[in-house]
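Let's take a walk through this one together. Have a look at the chains first, then read on.

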Amino acid sequence: MAKIEARLAELGVVLPTPPTPVANYVPFVRTGSMLFVSGQICHAPDGKLVAKGKLGDAVSIEDGQRAARACAVNLLAQLKVAVGDLDKVVRVVRLGGFINSAPTFVDGPKVMNGASDLMVEVFGDKGRHARTTVGVAALPADAAVEVEGLFEVS
Amino acid sequence: MAKIEARLAELGVVLPTPPTPVANYVPFVRTGSMLFVSGQICHAPDGKLVAKGKLGDAVSIEDGQRAARACAVNLLAQLKVAVGDLDKVVRVVRLGGFINSAPTFVDGPKVMNGASDLMVEVFGDKGRHARTTVGVAALPADAAVEVEGLFEVS
Amino acid sequence: MAKIEARLAELGVVLPTPPTPVANYVPFVRTGSMLFVSGQICHAPDGKLVAKGKLGDAVSIEDGQRAARACAVNLLAQLKVAVGDLDKVVRVVRLGGFINSAPTFVDGPKVMNGASDLMVEVFGDKGRHARTTVGVAALPADAAVEVEGLFEVS
């Protein structure tokens, strides 16, 4: 069994079948060894949002972390479609975290750790990435978190 | 006549002479086959903004879409300066869409389709890109939309 | 003495010892000749924020510019750790500027010039970069500015 798939099973992470965008963009583009994955919002595998609304308002930090983790799971699901075998991931290069935030919310990094932690749980040191976290005024479907990813793949 | 230029003519898209930033940055940087184009706001060819203000407030979704399309036209104008011949575009790799949003606005992706659709109208399947769309609190000059682009070029 | 280090000394820029993120992400990831540096907020070398709060509200444009410059200094500090010798920087490819903004603030580019100017003061023409500037609802620790960077290195 592939190593990363085994690790996902150990962690109890089930990758959803990712939705195809209903528009003129695609879930990922590969150029050379770089794979750019489109921003993923915090859909659970059943299609519902893990958390809806703003951090610093209706959404707690704990729920925000669960939402960020769900975004990361959705990135992995797209990654698996892109490369077939997750053992081909050489490195998680960069995550961009967008936290749906009330203007007073200053703890975006704590929320974003939900996504970063999953990457390291799954890929170990290869999962350590550069990261940018910002608080945005609004997100698609009022999702609490959106995360985009850049991966080096073989 | 070059193929993509012919397609632009068919679509009635006129590329403006893009402005040079009046600061210590440049409209694009190429590294290897990757061309990073600076964020473009929704200037029309006459220099006026196609839409000013926030989605979910003064700007309708339709006007937002027109604004996003204008940003995409401005990316193409920079791209043409960068590579000379738009037939050298191998792939639209990624668009980052920033929608000037009231905190309640949740339809950023609909707005951003104005940019994505243009890329596919112009480049066909090569125009399909990874995409991240977020709603931001404010944009330069109160533009309704800003879009940045990454292109693979030959 | 290395050329860029000499230039920093001339400019009176002292690079701080950059903090290591206290989480599962890293300050930078290199893939090929591309170095992605995580978003840096406007910490001064003493660890205090150069400016806290929002542009268009508590923070003036001048203070915002100083904050953006501090972010750029922090990017250079990470870059030095990454490559050892700053003369190995081939090009500043892209800066992403996130300005903590009241919804009415439209002068993000003026603020971001604080970061862009430093890059050109330090690296000359190699410091000219593609740039995207947006106004965000909130930033980590209520920092006034956050900047991420992409560099080509040898």
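In helix 3 of chain C, the buried residues are C:Gly108, C:Pro109, C:Val111, C:Met112, C:Asn113, C:Gly114, C:Ala115, C:Ser116, C:Leu118, C:Met119, C:Val122 and C:Phe123. Keep in mind that this is a predicted model. With 12 of its 16 residues buried, helix 3 of chain C is largely enclosed by the rest of the structure. What do those buried residues pack against? Their partners in chain C are helix 1 (3-11), helix 2 (61-83), strand 3 (89-100), strand 4 (130-136) and strand 5 (145-153).

There's a kink to look for here too: helix 3 of chain C bends by about 35 degrees at C:Gly114, and C:Gly114 is itself one of the buried residues. Just past the end of helix 3 of chain C sits C:Gly124, with a positive phi of about 65 degrees.

Now hop over to chain B and its helix 2. Here 17 of the 23 residues are buried, so helix 2 of chain B is also largely enclosed by the rest of the structure. After helix 2 of chain B comes B:Gly84, which has a positive phi near 85 degrees.

| Helix | Residues | First to last C-alpha | Expected at 1.5 Å a residue |
|---|---|---|---|
| Helix 2 of chain B | 61-83 (23 residues) | 33 Å | 33 Å |

What about the core? The largest nonpolar core has 162 residues. Those with the most contacts inside it are A:Cys71, A:Val136, B:Cys71, B:Val136, C:Cys71, C:Val136 and C:Val145. Take B:Cys71 as an example: setting aside neighbours within four places in sequence, B:Cys71 is in contact with B:Gln40, B:Ile41, B:Cys42, B:Ala115, B:Val145, B:Glu146 and B:Val147.

Next up, how the chains meet. Where chain A touches chain B, the contact takes 22 residues from chain A and 25 residues from chain B. On the chain A side, strand 1 (28-31), strand 2 (34-41), strand 3 (89-100) and strand 5 (145-153) each supply at least two residues. Strand 2 of chain A gives the largest share, four residues. By class, that side of chain A has 14 nonpolar, five polar and three charged residues.

Chain A also touches chain C, and this contact takes 25 residues from chain A and 22 residues from chain C. Strand 3, helix 3 (108-123) and strand 4 (130-136) of chain A are the elements that give two or more residues to this side. Its make-up is 11 nonpolar, eight polar and six charged residues.

How are the copies related? The copies use different surfaces, since 9% of the contact residues of chain A recur in chain B. Chain A can likewise be laid on chain C by a turn of 120 degrees and a shift of 0.0 Å along the axis, with an RMSD of 0.0 Å. Only 8% of the interface residues of chain A are also interface residues in chain C, so these copies meet through different surfaces.

Definitions and conventions. Residues numbered from 1 in each chain as written. Chains lettered and ligands numbered in written order. Predicted model: local features only at pLDDT ≥ 70, side-chain atom pairs only at ≥ 80, totals over all residues. Contact = placed C-beta atoms within 7 Å. Nonpolar A, V, L, I, M, F, W, Y, C, P; charged D, E, K, R; others polar. Least-squares fit on C-alpha atoms with pLDDT ≥ 70 in both. Bend = angle between axes of the 7 residues up to and from the residue. Buried ≥ 20, exposed ≤ 12 C-beta atoms within 10 Å, placed from the backbone. Expected span 1.5 Å × (residues − 1). Core = buried A, V, L, I, M, F, W, Y, C linked by C-beta atoms within 7 Å.
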